[in-house]
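Here are my notes on this one, as numbered points. Have a look at the model first, then read on.

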Amino acid sequence: MALWVYYLSERVLRYISTRGRAPELGFDEVLLAGLATDGGLYVPKAWPTLGASEIGALAGLDYPDVAARVMAPFVAGSALENDLPALTKDAYAAFTHTAVAPLTQLASNDWIVELFHGPTLAFKDYALQAVGLMFDRVLKEKGRRITIVGATSGDTGSAAIEACKNKDSVDIFILHPAGRTSEVQRRQMTTVEADNVHNIAVNGTFDDCQNLVKDMFADEGFRTQMNLSAVNSINWARIMAQVVYYFWAAVHVGAPYRQVAFSVPTGNFGNVFAGRVAAHMGLPVSHFIVGSNSNDILTRYFETGAMTMDGVVPTLSPSMDIQISSNFERLLFGALGQDGDAVARLLEQLKQSRAYEVPAETHAEILKRFVGRRLDDAGTTRVMRDVYAETGRLIDPHTAVGVHAARTAQIDPAIPRLTMATAHPAKFPDAVEAATGVRPALPPALADLFNRTERFTTLDSNLDTIKSFVRENIRA
Ligand SMILES: *Cc1c(COP(=O)(O)O)cnc(C)c1O
């Protein structure tokens with residue numbers, strides 16, 4: 001009996017906060033909590049690993065089965081554990097490519113991994129479709145409900161709505177700045193027919209939307225009463241579900257018997273950090289190439305070791321228009337030997353003086369695996385045009401930043417470079433047409449998007465107004 005209990009407790013994965021002062025939790029609580037109570041982000045206490053033969057065996061499986069195998073160690077001990085194979089089958093059933101995440105070769109050792117065959121045409125579907133089902137399963141098990149509130153300038157809102165629509169235990173409210181998102185992006189959110197989905201067009205900017213959401217979370221009474229929860233990439237479950245396609249893609253070009261490199265168009269650092277997790281688990285990755293647009297805080301960091309905040313400029317790749325990458329904190333925590341106090345000190349410094357410097361040895365350690373590359377809008381247009389001329393393929397502006405980074409990083413040319421294609425070209429038709437002369441068509445499932453009825457409520461940028469709306473519209 002004692003031995004059995006010991007065995008169980010050993011295989012249940014525990015999660016700790018990157019700032020070291022929040023309670024250790026199991027997977028279900030981490031899923032529902034999002035941010036840790038000390039302001040940190042949850043990460044596994046120790047990395048589970050897969051042996052070379054286990055990784056090699058993934059090559060023969062389809063995407064949902066790879067997903068179940070890769071995620072299994074992270075949910076050990078959760079209500080989800082036994083359901084994982086059925087859940088992943090369900091999550092990826094509606095994806096429009098039979099391979100789910102097909103690989104395309106552009107040139108020798110130059111590949112793209114197409115992560116845009118989900119319902120909203122961006123890579124966020126790959127995690128959120130699974131995470132939506134996880135929320136529903138765990139909440140039902142616990143007899144609880146949640147209210148998801150989020151602000152979006154584009155891709156996250158639609159992916160979250162698609163993932164949560166018609167889930168019994170979830171109500172979702174997404175705020176977007178009225179008249180300031182692209183029409184495709186707005187329609188992807190507002191044409192979803194489901195009683196639990198609420199789109200709020202705020203008379204204001206994206207920053208106003210984000211501040212309203214922050215203020216709702218900061219109101220302890222409201223937060224508890226409404227069971228508020230978040231689905232942005234601070235949620236560990238999203239990172240976990242993104243680890244899958246790094247294994248999936250790598251085994252298709254010869255891993256684990258050969259090294260690979262990944263190039264990732266990056267904003268909040270969630271996607272590329274998921275790749276780092278795959279490497280922790282045993283995937284042989286020589287380098288992560290971090291692509292940025294003109295909002296190049298990460299490129300500057302890799303060049304100097306200092307993280308220095310600057311203003312945000314709008315670009316052709318809006319999902320990477322960021323001031324700071326919140327998931328970098330997870331990398332920092334690992335690189336600093338899981339010293340939560342040291343992480344908390346650096347983040348405090350950032351808050352005080354808009355900058356921090358990573359200790360020299362830590363920075364050197366990070367540089368062994370990470371390379372940063374930037375590309376401005378003119379360059380992005382040029383790469384979209386070049387790839388079209390070379391291969392006849394249309395790529396979106398985010399993917400173009402990644403392809404450029406992959407092609408210019410100075411790493412061993414014998415290693416295959418896989419660029420994560422994070423959005424479908426039809427999501428950014430104007431930029432793609434300006435570069436190539438070809439207007440990309442929406443895939444058949446979205447072909448009638450412009451004929452569908454929109455449903456949204458326009459409200460003023462006022463906290464009480466928004467709170468009343470949420471209160472009146474949740475299904476108790
Ligand atoms: C969200 C997004 C990104 C940035 O991903 P992070 O995980 O925040 O680094 C890049 N490209 C597209 C198309 C996105 O939607």
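1. Start with the pairing at Ser 263: its bridge partner in strand 14 is Thr 419. Strand 9 (residues 260–265) runs parallel to strand 14, with 3 bridges between them. Strands here are DSSP runs of E, at least two residues long, numbered from the N terminus, and two strands pair if DSSP finds at least two bridges between them.

2. A quick caveat: this is a predicted model, where local features need pLDDT of at least 70, side-chain atom pairs count only at pLDDT 80 or more, and totals for chains, interfaces and linings use all residues. Residues are numbered from 1 along each chain as its sequence is written, and side-chain values use heavy atoms, with hydrogens and water left out.

3. Thr 419 is also the bridge partner of Ile 112. That belongs to the parallel pairing of strand 4 (residues 110–114) with strand 14, joined by 5 bridges.

4. As for cover, 5 of the 5 residues in strand 14 (residues 417–421) are buried, meaning under 20% relative accessible area (1.4 Å probe, protein chains only). Arg 417, Thr 419 and Ala 421 point one way, Leu 418 and Met 420 the other.

5. Now the ligand. Polar contacts are pairs of N or O atoms within 3.5 Å. A polar side-chain atom of Lys 124 sits 2.5 Å from a ligand oxygen, and a side-chain N or O atom of Asp 155 is 2.6 Å from a ligand oxygen. From Gly 270, a polar backbone atom lies 3.3 Å from an oxygen of the ligand.

Conventions
Buried < 20%, exposed > 50% of the residue type's maximum accessible area, 1.4 Å probe, protein only. Helix = DSSP H or I, 4+ residues; strand = E, 2+ residues; numbered from the N terminus. Polar contact = N/O pair within 3.5 Å; in protein donor to acceptor, adjacent residues only side chain to side chain.
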